[in-house]
Amino acid sequence: MRPLSPLESVALLSVAGSVLAVAVPTFVKQLHASRLSEPLDGLARLGQRALVLADAKPIKSAFPPSVGLTPAEVPAGHSVEDPEGTWDDPTWRALDFRMDRAHYYAFAFESDNKTQVAHFTARALGDLDGDGLFSTFKLEGEMRAGEAPVVFPLEMDREVE
């Protein structure tokens, strides 16, 4: 194999540089998109299950009780695998919700069941780059007397901080 001429070396470097200039930003964008699917999918599952539970119960007990952030600390800049029992709270069990693999977000479920209206808020918080600023996703829903339960549009703040 003969050595490359200076012109061939420059041509090879410029082709490699062009490929990297396109590939690296695309890779980073896809990585962020994959991390974005975790809170979106998780909250969609929580919202669907909450509606199913509410539809079968009276308003004053439509949604399961509130449960705090799980895991208790938002993962900072890396994924976490939860120890056994992390998702064993009765509310997570009622909502049939758990994270079975490494994840970047912590989830919470808050409910307020009254006589005429029941309301829930599900949240996902993540700190993808470990800078202490959270990506926050919120999904709310409610059930009113005589009406079917509904879910409102998802709200996001710093979705890929």
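Trp87 and Phe97 are both buried, meaning under 20% relative accessible area with a 1.4 Å probe on protein chains only; over 50% is exposed, and in between is partly exposed. This is a predicted model: local features need pLDDT of at least 70, side-chain atom pairs need 80 or more, and totals for chains, interfaces and linings use all residues. Numbering runs from 1 along each chain as its sequence is written, and side-chain values use heavy atoms, without hydrogens or water.

Back to rings. The structure holds seven aromatic pairs. The rule: rings of Phe, Tyr and Trp (its six-membered ring) pair with centres within 6.5 Å; planes under 30 degrees apart are stacked, over 60 edge-to-face, the rest tilted. Phe63 and Phe120 pair edge-to-face, 5.0 Å centre to centre, at 65 degrees. Phe63 sits in the loop between α1 and β1, Phe120 in strand β3 (residues 117-126), so this pair ties together parts 57 residues apart in sequence. Both Phe63 and Phe120 are buried.

Trp87 and Phe97 are also edge-to-face: 5.5 Å, 75 degrees. Ring pairs link Trp87, Trp92, Phe97 and Phe107 into a cluster.

Next, His103. Buried or exposed? Buried, at 0% relative accessible area. Its side chain makes a polar contact with the side chain of Asp82, at 2.7 Å. That term means N or O atoms within 3.5 Å; within protein, one must be able to donate a hydrogen and the other to accept it, and sequence-adjacent residues count only if both atoms are side-chain atoms.

Last, Lys57. Lys57 is partly exposed, at 36% relative accessibility.

Terms used
Helices (H or I, at least four residues) and strands (E, at least two) are DSSP runs, numbered from the N terminus.
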